[in-house]
Amino acid sequence: MTTYTDKGEKHEQGRFLCFDHITFWVGNAKQAASYYCNKLGFEPLAYKGLETGSREVVSHAVKQGKIIYVFSSALNPGNKEMGDHMVKHGDGVKDIAFTVEDCDFLVQKARERGADIIKEPHTLEDKKGKVRLAVLQTYGDTTHTFVERTGYKGLFLPGFHPPLFQDPLLTKLPSGKLDFIDHVVGNQPDDEMVPVVDWYQKTLLFHRFWSVDDKQLQTEFSALRSIVVANYEETVKMPINEPAMGKRKSQIQEYVDYYGGPGVQHIAMNTSDIITSVRNLKDRGMEFMTVPDTYYEQLKENLKHSKVKISEDLDVLQELKILIDYDDNGYLLQIFTKPVQDRPTVFLEVIQRHNHQVQSPKKKTFKADPAYAFSFTLISRSFTGLRSRKLQVSF
Ligand SMILES: [Fe+2]
C-alpha cells in the first residue's frame with residue numbers, strides 16, 4: 001500500500017464540502033425507495049412526480065442521518081436516455097452529487113482543465129430559496145452534480161415536495177443508525193483506473209490519498225488495483241478500482257461485465273454503533289455477506305500480538321459477521337451487503353471507524369486505510385473462502 005503526503009493544488013476559491021446525495025436510475029423508483037426504507041432504515045424525505053407537476057421523471061428522495069439517496073424512473077414511454085441506461089446497466093448509480101462552495105468557479109476551473117460539462121451552472125428556486133447546480137461527466141455514464149445550497153431552507157431541492165405517503169410500518173422498525181457517506185467506490189475496466197484518477201486530479205484538483213496494486217495485494221486466486229482520490233480537505237473519498245489478473249475472474253471484472261462498463265460498485269455508510277446498526281438491519285431483513293468462523297479464530301490470535309484493543313465484544317462481532325481490521329493507531333469495523341439488485345453490481349457497506357476518521361497520509365505510521373483494502377478481502381473471500389485468513393495476516 002502507498003499513502004501520499006502531497007495534497008496537490010488547492011482551488012483559489014470554492015471547496016468541495018461533502019457528498020450531497022446519490023441518484024439511482026432504476027426501473028421502479030417507488031419500489032426501490034421502499035426497499036431502502038424498509039431494509040436499511042431510510043425515511044421518505046421528498047418527492048416529485050405526476051402529482052406535483054413533474055411529467056417526465058419521478059423522483060423519490062429518502063434520508064437517514066446525513067445520507068440522501070434519490071431514486072428516479074421515467075414516467076412515459078420513449079424516454080431514450082433513461083431507457084438506454086436501464087437496458088445497459090440495470091438499476092444503478094447515475095450521479096454522485098457534492099455539496100460545494102462556489103459552483104460557478106469550480107465548474108469554470110473544471111472546464112478549463114478539460115471536463116465535459118453536461119449541464120451548465122443554473123439556479124433552481126422555490127419559496128424556500130435558491131440552489132445553484134451543474135452536472136459534469138465522470139467515468140462511464142456516471143455524472144457528478146455540484147450543489148451550492150446557499151441558505152436554501154427547503155426539504156431537499158427546489159421542485160421537490162413533501163412525500164405523499166409515510167409507510168406506517170417504518171415507525172415500528174428499529175433504527176438503521178447510519179450517519180453519513182464515508183466513501184463511494186467506482187469500478188473501471190482493465191487499464192482505465194489511472195486515466196480516471198488522472199481526471200479527478202486534473203479537473204477537480206482531487207489528490208491521491210492511498211493506493212494499492214496487485215504486486216502489493218494478492219492471493220493465489222485474486223488481486224486488487226485501487227487508488228483512492230480525495231478532495232483537498234479529504235472529506236470526499238472515492239476509491240477507483242480496476243480488475244487485476246488472478247486465477248479466478250475478479251469481482252471487479254464481474255461487475256464491469258454485468259454493469260456494461262464503469263460504474264459505482266459500492267457506497268459505504270458510516271455509523272457510530274455498528275453492532276446495533278447491523279443487528280437492526282438484519283432484523284429488518286437486510287442481507288449481508290458472511291465470513292467463516294475461522295476468520296475470527298485467526299483474528300483473535302493476531303490481536304494477541306497487537307497494540308490495539310478492540311472495545312467491542314469479539315463474540316458479538318463474530319455472531320453478526322462484522323469484519324475487523326486494525327493497525328497500531330486504531331481499527332475499523334465493517335460489513336458488506338449482498339448486491340441490492342439482481343445483477344451482481346451495486347452493494348452497500350456499513351463502517352465504523354475507531355481512530356480512523358481523521359487519518360491523514362501525513363501520519364507516517366499509517367500504512368493503509370483498511371476500509372478500502374478490506375473491500376479486497378471481501379472480493380477475494382467470495383471466490384476463495386478461507387483464503388481470506390491469509391490476507392488478514394498480511395494487513
Ligand atoms: Fe468500502
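Strand β4 (residues 57-64) is joined to β5 by 8 bridges, and the two run antiparallel. Strands here are DSSP E runs of at least two residues and helices are H or I runs of at least four, both numbered from the N terminus; two strands pair if DSSP finds at least two bridges between them. The model is a predicted one, in which local features need pLDDT of at least 70, side-chain atom pairs count only at pLDDT 80 or more, and totals for chains, interfaces and linings use all residues. Residues are numbered from 1 along each chain as its sequence is written.

**Around β5**
- β4 and β5 form a hairpin with 2 residues between them, and Gly65 in the turn has a positive phi of about 55 degrees.
- Val57 has Ala74 as its bridge partner in β5.
- Strand β2 (residues 15-25) pairs with β5 in the parallel sense over 4 bridges, and Ile22 stands opposite Tyr69 in β5.
- Of the 8 residues of β5 (residues 67-74), 7 are buried. A residue is buried if 20 or more other C-beta atoms lie within 10 Å of its own, exposed if 12 or fewer, and partly exposed in between, with C-beta atoms placed from the backbone.

**The protein as a whole**
- The secondary structure comes to 10 helices and 17 strands.
- The protein has 395 residues, of which 47% count as buried.
- Among contacts between residues at least 6 apart in sequence, 70% join residues at least 24 apart. Two residues are in contact if their C-beta atoms, placed from the backbone, lie within 7 Å.

**The open sheet**
- An open sheet of 9 strands has mixed pairing and the order β1-β11-β12-β13-β10-β14-β17-β16-β15.
- β1 (2-3) and β15 (323-326) stand at the edges with a single partner strand each, so one side of each has no neighbour in the sheet.
- β1 runs antiparallel to strand β11 (residues 207-212), joined to it by 2 bridges, and Thr2 stands opposite Ser211 in β11.
- Helix α6 (residues 274-283) packs on the sheet, touching β16 (331-336) and β17 (347-354), and its direction makes about 155 degrees with that of β17. Such angles run from 0 to 180 degrees between N-to-C directions, with axes fitted to C-alpha atoms, for helices over the stretch in contact.

**Ala230**
- Ala230 lies in strand β12 (residues 224-230).
- Ala230 counts as buried because it has 22 C-beta neighbours inside 10 Å.
- Leaving aside residues up to four places away in sequence, Ala230 touches Phe206, His207, Phe209, Val236 and Lys237.
- Tyr200 is 30 residues from Ala230 along the chain, and their C-alpha atoms are separated by 8.7 Å.

- In helix α3 (residues 103-112), Cys103, Leu106, Val107 and Ala110 are buried. Seen down the axis of α3, its buried residues fall within an arc of 100 degrees, so they line one face of the helix. The arc is that of the directions from the helix axis to the C-beta atoms.
- The cover over the buried residues of α3 includes β6 (92-101), β7 (117-126), β8 (129-137), β9 (143-148) and α4 (193-203).
- Gly114, which follows α3, has a positive phi near 100 degrees.
- Helix α7 (residues 293-303) has Tyr295, Tyr296 and Leu299 buried. These residues cover an arc of only 90 degrees around the axis, which puts them on the same side of α7.
- Asp293, Thr294, Glu297 and Glu301 are exposed, on the face of α7 turned away from its buried side.
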